[in-house]
Amino acid sequence: MADVADSDVRINPSILAADFVNMQAELARIASADFVHVDVMDNHFVPNLTFGPQMVQRIQATSPVPLDVHLMISDADRWAPEYAEIGAASVTFHLEAAAEPVALARRLRRIGARAGVAVKPATAVEQLFEVLDEFDQILVMTVEPGFGGQSFMADQMPKLRRLADEARRRGSQVWLQVDGGIGESTIAHAADAGADTFVAGSAVFGADDPGAAISALRSAAASAHRH
């Protein structure tokens with residue numbers, strides 16, 4: 001695992017792009033990542049179905065890096081704590097799927113997970129400004145949630161920048177994550193807009209050398225931060 005104390009950049013490869021049949025070997029290929037991003041979809045909140053708690057628990061048991069679980073599921077208030085109890089380091093639920101997002105974030109923290117909240121492209125981030133410190137991570141989706149391999153939505157960068165500016169103004173330590181279409185050609189745009197945590201799928205698992213791909217993404221984002 002990279003020492004995030006020495007860097008403002010975190011690279012979280014998404015196993016949605018991995019070979020599910022050889023999951024343990026695929027996880028070993030990303031040992032230099034900061035987290036492994038696990039997309040949980042219920043075929044209700046989004047039109048796709050992936051993993052449930054049992055599969056996530058097996059990934060937790062075999063992963064060389066902590067789990068960053070992204071719940072694209074309905075009724076997050078009921079189900080999100082189960083993933084924290086499994087031992088996921090970070091659990092992100094969708095603002096659109098939670099009845100009491102602040103109470104849920106506090107519950108996740110009490111269990112021992114970092115609490116994250118995600119917003120779809122059409123959801124305004126301004127409604128989070130007053131409660132930034134209730135969350136450890138805010139995920140700005142740069143594609144419509146539900147499927148991997150989509151193109152990066154550059155029109156989400158002004159929203160990300162507004163969120164980053166507000167976090168700075170408030171002195172918030174919240175991590176700002178982006179997910180969707182992240183690769184070497186897009187990561188600098190997201191980093192320049194204020195993101196520090198990046199989900200990448202095919203850009204990592206589709207590479208001949210995932211470790212080199214992670215390093216290249218980290219360097220590209222860090223360079224954008226310096227400029």
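Asn43 lies in the loop between β2 (36-41) and α2, where helices (H or I, at least four residues) and strands (E, at least two) are DSSP runs, numbered from the N terminus. The structure is a predicted model, in which local features need pLDDT of at least 70 and side-chain atom pairs count only at pLDDT 80 or more, while totals for chains, interfaces and linings use all residues. Residues are numbered from 1 along each chain as its sequence is written, and side-chain values use heavy atoms, with hydrogens and water left out.

Most residues other than glycine have a negative phi. Asn43, however, has a positive phi near 60°. Asp75 is not a glycine either, and its phi is positive at about 55°; this residue is found in the loop between β3 (67-72) and α3.

The helices come next. Two packed helices are described by the angle between their axes and the distance between the axes. Helix α2 (residues 53-62) and helix α3 (residues 76-86) have axes that come within 10 Å and cross at roughly 25°; axes here are lines fitted to C-alpha atoms, for helices over the stretch in contact, with angles running from 0 to 180 degrees between N-to-C directions. The two helices, α2 and α3, are therefore roughly parallel to each other, a term for angles under 35 degrees. Their crossing is right-handed, that is, the near helix is turned clockwise from the far one by less than a right angle. On the α2 side, Pro53, Val56, Gln57 and Gln60 make the contact, and on the α3 side Glu82, Tyr83 and Ile86 do so (contact means heavy atoms within 4.5 Å). By class, this contact of α2 with α3 has 4 nonpolar, 2 polar and 1 charged residues; Ala, Val, Leu, Ile, Met, Phe, Trp, Tyr, Cys and Pro count as nonpolar, Asp, Glu, Lys and Arg as charged, and the others, Gly among them, as polar.

Helix α3 also packs with helix α4 (residues 101-111): their axes come within 9 Å and cross at roughly 15°. That makes α3 roughly parallel to α4, and the crossing is right-handed. Ala76, Asp77, Ala80, Pro81, Ala84 and Glu85 of α3 meet Leu104, Arg107, Leu108 and Ile111 of α4. This contact comprises 7 nonpolar, no polar and 3 charged residues.

Two charged side chains sit over aromatic rings. Arg10 lies over the face of Trp175, at 3.5 Å from the ring centre, and Lys120 lies over the face of Phe45, at 4.4 Å from the ring centre; the criterion is NZ of Lys or CZ of Arg within 6 Å of the ring centre and within 35 degrees of the ring normal.

Key. Angles under 35 degrees count as roughly parallel, over 145 as roughly antiparallel, 65 to 115 as roughly perpendicular and the rest as oblique.
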